[in-house]
Amino acid sequence: MKNNQQLTDLLALDLGINLINRRPYAKEVFKWQDIDLLPHSSADTLLCEIYEWNGRNWRTTNNNLIGFLFSDAQLKTVKDQLLNVPKNTAMIPDFEFTKESMVEYGLSLPSLFNIGVNGNIESAKNFSVRVNGVTKSRITNIDSPGIEILRKYSQFTDSESKTYRKNIKFNYLTTSLFYAETVEIFLEKDSGVKLDVSFQTQNVEIDAKVDTETKKHFVLKYSGNQAPFAAKFTKGKDFDIM
C-alpha cells in the first residue's frame, strides 16, 4: 500500500506539477481522481443519489436510483445495504483547501465537514482546511448491493423507458463517496476582526492545538456515521458500476 508521500509524488508526476514543501491542493486531487465536491451532504447521503449538472454546479434531485428500482421490503433492504457499504482507504494523499479555494467554493465547503464559519472568510489573513486520511465507499458489479442494483437497472431501462429518460438517463449518479478521517483548521486573523469557527460535536473529537484571538488550529476527528464531502459522478446512461 502506498504511503502519503508516495501518493503525493504520484499525483505530482501524473499532473506535471511541483509539490515541494506543500500539500496538494483540493483542485489538484479532484482533477487527478476525477471527483467533485458535493453541494451539500449529511450522514444519510447515499451512493446512487441522483444529481443534475447545470453547467457550473451540482444540484441534487432529492431522488435516489434505488427508489425507482425497488419497493417495500426490498427497498428497505437495499437502502440498509447502501448505508453499510464499507469505507476503504481511498489512495488519495492528504490535501488542503486554501482560503482562495474556500472563497471560490463558497460557505458550503466548511459545512461539509460540520464546520460553522461566523464572519467573512475573505477577512482572514490565512484560512485553510487540511483533509487527512481519506476513505471511500463505492458500489461495484461484484458485491452486494451493486449486483442487485445493476441487474434491476438493466430491466428498468427497458420496462420503464419514459421514467428512465426523464429522471436518470441524462442526470448523474454518485458511484463513489469520499470521507475524511480528520480535518485540520488553520485560521489567522488580525485582532478585532469578527471571524470565528464553530463545530458540531456529535461524533466529532475536537483537539484545540492553538486557540487565541488571532490564531486558531483545531483538529477534528470523525467517528460513527460520517457525512461524505465529495463524490464520483457517473452519467445515468453510462451507469454500469465498473
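Student: In which helix is aspartate 72 placed?
Tutor: Aspartate 72 belongs to helix H4, residues 72-83; helices (H or I, at least four residues) and strands (E, at least two) are DSSP runs, numbered from the N terminus. This is a predicted model, in which local features need pLDDT of at least 70, side-chain atom pairs count only at pLDDT 80 or more, and totals for chains, interfaces and linings use all residues. Residues are numbered from 1 along each chain as its sequence is written, and side-chain values use heavy atoms, with hydrogens and water left out.

Student: Is phi of aspartate 72 positive or negative?
Tutor: Most residues other than glycine have a negative phi, and most peptide bonds are trans. Aspartate 72, not a glycine, has a positive phi of about 55°. Aspartate 72 is exposed, at 68% relative accessibility (buried is under 20% relative accessible area, exposed over 50%, partly exposed in between; 1.4 Å probe, protein chains only). Asparagine 114 also has a positive phi, near 60°, and lies in the loop between helix H6 (108-112) and S6. Asparagine 114 is partly exposed, at 23%.

Student: Is the peptide bond from serine 144 to proline 145 cis or trans?
Tutor: That bond is cis, with omega near 5°. Proline 145 lies in the loop between S7 and H7.

Student: Which residues of helix H8 are buried?
Tutor: In H8 (residues 161-169), they are Tyr164, Asn167 and Ile168. Down the axis they fall within an arc of 100° (taken from the directions from the helix axis to the C-beta atoms), so they line one face of the helix. The face turned away from that buried side carries exposed Lys162 and Lys166.
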